[in-house]
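Colleague: I would like to learn to read this structure feature by feature. Please give me the general idea each time, then the case at hand.

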Amino acid sequence: MTADKTKSDAEWREILGPERYRILREHGTEPAFTGEYWNHHETGEYRCAACGEALFSSAAKFDSGTGWPSFYRPVHPDAVAEKHDTSHGMVRIEALCGSCGSHLGHVFPDGPAPTGMRYCINSASLNFQKKQD
Ligand code: FE
């Protein structure tokens with residue numbers, strides 16, 4: 001995590017607004033099939049909604065049927081940090097922004113080839129940037 005990407009709780013509250021703050025900073029989850037990106041198929045890059053760092057490419061997005069945007073890998077290995085999470089009576093791997101530490105979603109070992117991983121991410125944690133051509 002880089003120091004210049006971290007902010008105080010009050011700053012995050014101000015910047016993100018209530019819904020994004022709840023998800024990104026309080027480990028919340030948006031209801032399935034409600035977010036902006038679960039059914040989004042444009043070519044481009046998904047960036048952290050808190051700090052703007054690139055997290056996922058549309059090239060690694062797949063239709064998981066879960067109602068959340070799903071990717072089989074991040075843009076590079078350090079883009080997303082993974083943390084053991086035992087909240088809500090489940091053992092899961094939490095996905096966090098590698099730059100600012102904001103909560104993105106969870107990682108499950110049931111994704112497609114080539115990685116077999118499924119990064120199940122809240123739309124509210126992402127901002128899509130369309131590829132310029
Ligand atoms: Fe971030």
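Modeller: Start with donors: N, O and S atoms within 2.8 Å of the metal (3.2 Å for Na, K and Ca); water is not among the atoms, so sites may look incomplete. This is a predicted model: local features need pLDDT of at least 70, side-chain atom pairs count only at pLDDT 80 or more, and totals for chains, interfaces and linings use all residues. Residues are numbered from 1 along each chain as its sequence is written, and side-chain values use heavy atoms, with hydrogens and water left out.

Colleague: Which protein donors does the iron ion have?

Modeller: Four SG atoms, from Cys 48, Cys 51, Cys 97 and Cys 100. They lie 2.3 to 2.4 Å from the iron ion.

Colleague: What geometry does the site of the iron ion have?

Modeller: Four donors count as tetrahedral if all angles lie between 85 and 135 degrees. Here the angles among the four donor atoms are 105 to 112°, and the site is tetrahedral.

Colleague: How are the donor residues of the iron ion spaced in sequence?

Modeller: The pattern is C-x2-C-x45-C-x2-C. Strands are DSSP runs (E, at least two residues), numbered from the N terminus. Cys 51 sits in the loop between β1 (44–48) and β2 (54–57), and Cys 97 in strand β6 (residues 92–97), so this pair ties together parts 46 residues apart in sequence.

Colleague: Are Cys 51 and Cys 97 buried or exposed?

Modeller: Buried means under 20% relative accessible area, exposed over 50%, partly exposed in between (1.4 Å probe, protein chains only). Cys 51 and Cys 97 are both buried. Ala 50, in the loop between β1 and β2, is also buried, at 12%.

Colleague: What does Ala 50 touch?

Modeller: Contact means heavy atoms within 4.5 Å. Leaving out residues up to four places away in sequence, Ala 50 touches Trp 12, Leu 16, Leu 24, Cys 100 and Ser 102. Trp 12 is 38 residues from Ala 50 in sequence, yet 7.9 Å away, C-alpha to C-alpha.

Colleague: What is the strand order of the open sheet?

Modeller: Two strands pair if DSSP finds at least two bridges between them. The six strands run β3-β4-β8-β7-β6-β5, with antiparallel pairing. β3 (61–62) and β5 (80–85) are the edges, each with a single partner strand, so one side of each has no neighbour in the sheet.

Colleague: How many bridges join β7 to β8?

Modeller: Four, between strand β7 (residues 103–108) and β8. Val 107 stands opposite Tyr 119 in β8. Strand β4 (residues 70–71) pairs with β8 over two bridges, and Phe 71 also stands opposite Tyr 119. Both faces of β8 (residues 118–121) are covered.

Conventions: Four donors count as tetrahedral if all angles lie between 85 and 135 degrees; four count as square planar and six as octahedral if opposite donors are over 155 degrees apart and all others between 65 and 115; anything else is irregular.
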